[in-house]
Amino acid sequence: PLSRWLPSPAALLPSSTADKEAPSLVSEKMSSNESFALLYSVWGYEVSRSEAWCDQAYRAGMTCLSGKESLASLMAQSLPWIATLNVDNASIPVVIIGEGEGTLAALSAGKTWILNKAWFSKVWTGSYTLMWKPSPDGNASITKKSSIDDIAWLDTMLSRVLNVEAENTGEWSPMLTEKIRQFQTQNKIKADGVMGKVTLIRLWQVLGESPKLVHEGGKV
C-alpha cells in the first residue's frame, strides 16, 4: 500500500533546505481533510475528501487516534502520522512517512518533503493524528481473557511469521506466550510475552497489513 507514496532511499538523504522551503509549504498547504485523505492513501485506501475523517476509520477496520505526544514516542510506533506545523502563523498539516538521521520525510500536497528535525521541532505544535489496526475483534491487546477468535488468530499469525506449527485450540497456552516473546525479540520489542498495542502494530506490519515508517541511517 505504501509503494505509490514512499520516497526512494535516496530521497531520505539529509537535507538542510527546510527553512528555505517553508514558504513553499505555506503556499501549497493542504486542508485538514486533504491530509486525512492522504493518510488513508498511505494505508492503501482511496477516500474522497468529504469522507476523509477520523471517525470513518472504523469502516476500514482501523482505529484513529489524535492528541499530543513526543516525537520519540511517535517514531517508536513506526506508523505514518499527521503532524500540524505552525509556519508563518499558518497551520500546516503534513503526513510523516519516514526519518533519517536528523531528518523527517513528509508528504504534503502530493510532494515529498525532507525536513530538518531541529526545524521541525520548532514549528511542530506537538499534535498528531494516526491510524492503526487493532485485533480482528477490535481490541488494543490480546490476553488470555480475549475471545477464542482473537486468540486463535494470534496463534495462527505468530506461527506463520515464526514458521512454526499452530496449536489451533483457541486457548491461551505457555507456548503462545513463548511465541509472543520470540516475535518481540526478533522485532526489538521488550520481550515480556504481552500482546499489547506496540506488539500488535508490529505484527500487522510484518504481515504486510499495515504501513510503517521508512527508517534511513544516513548521517547529517
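This is a predicted model: local features need pLDDT of at least 70, side-chain atom pairs count only at pLDDT 80 or more; totals for chains, interfaces and linings use all residues.
Colleague: Phe120 and Trp124 form an aromatic pair, so is it stacked or tilted?
Modeller: The ring centres are 5.5 Å apart, with 25° between the planes. Planes under 30 degrees apart go in the stacked class, so this pair is stacked.

Colleague: Is Phe120 buried or exposed?
Modeller: The cut-off for buried is under 20% relative accessible area. Phe120 has 0% relative accessibility, so it counts as buried.

Colleague: Which helix holds Trp204, the partner of Trp153?
Modeller: Trp153 and Trp204 make a tilted pair, 4.9 Å centre to centre with 35° between the planes. The two are 51 residues apart, and Trp153 belongs to helix α5 (residues 148-162). Trp204 is in helix α7 (residues 197-206).

Colleague: Which residue has its charged end over the ring of Trp204?
Modeller: Trp204 is buried, with a relative accessible area of 9%. Over its ring, 4.7 Å from the centre, sits the charged end of Lys133.

Colleague: Is Asn89 buried or exposed?
Modeller: Asn89 lies in the loop between β2 (81-87) and β3 (90-100). The cut-off for exposed is over 50%. Asn89 has 79% relative accessibility, so it counts as exposed.

Note on methods. Residues are numbered from 1 along each chain as its sequence is written. Side-chain values use heavy atoms; hydrogens and water are left out. Helices (H or I, at least four residues) and strands (E, at least two) are DSSP runs, numbered from the N terminus. Buried means under 20% relative accessible area, exposed over 50%, partly exposed in between (1.4 Å probe, protein chains only). Rings of Phe, Tyr and Trp (its six-membered ring) pair if their centres lie within 6.5 Å; planes under 30 degrees apart count as stacked, over 60 as edge-to-face and the rest as tilted. A charge sits over a ring if NZ of Lys or CZ of Arg is within 6 Å of the ring centre and within 35 degrees of the ring normal.
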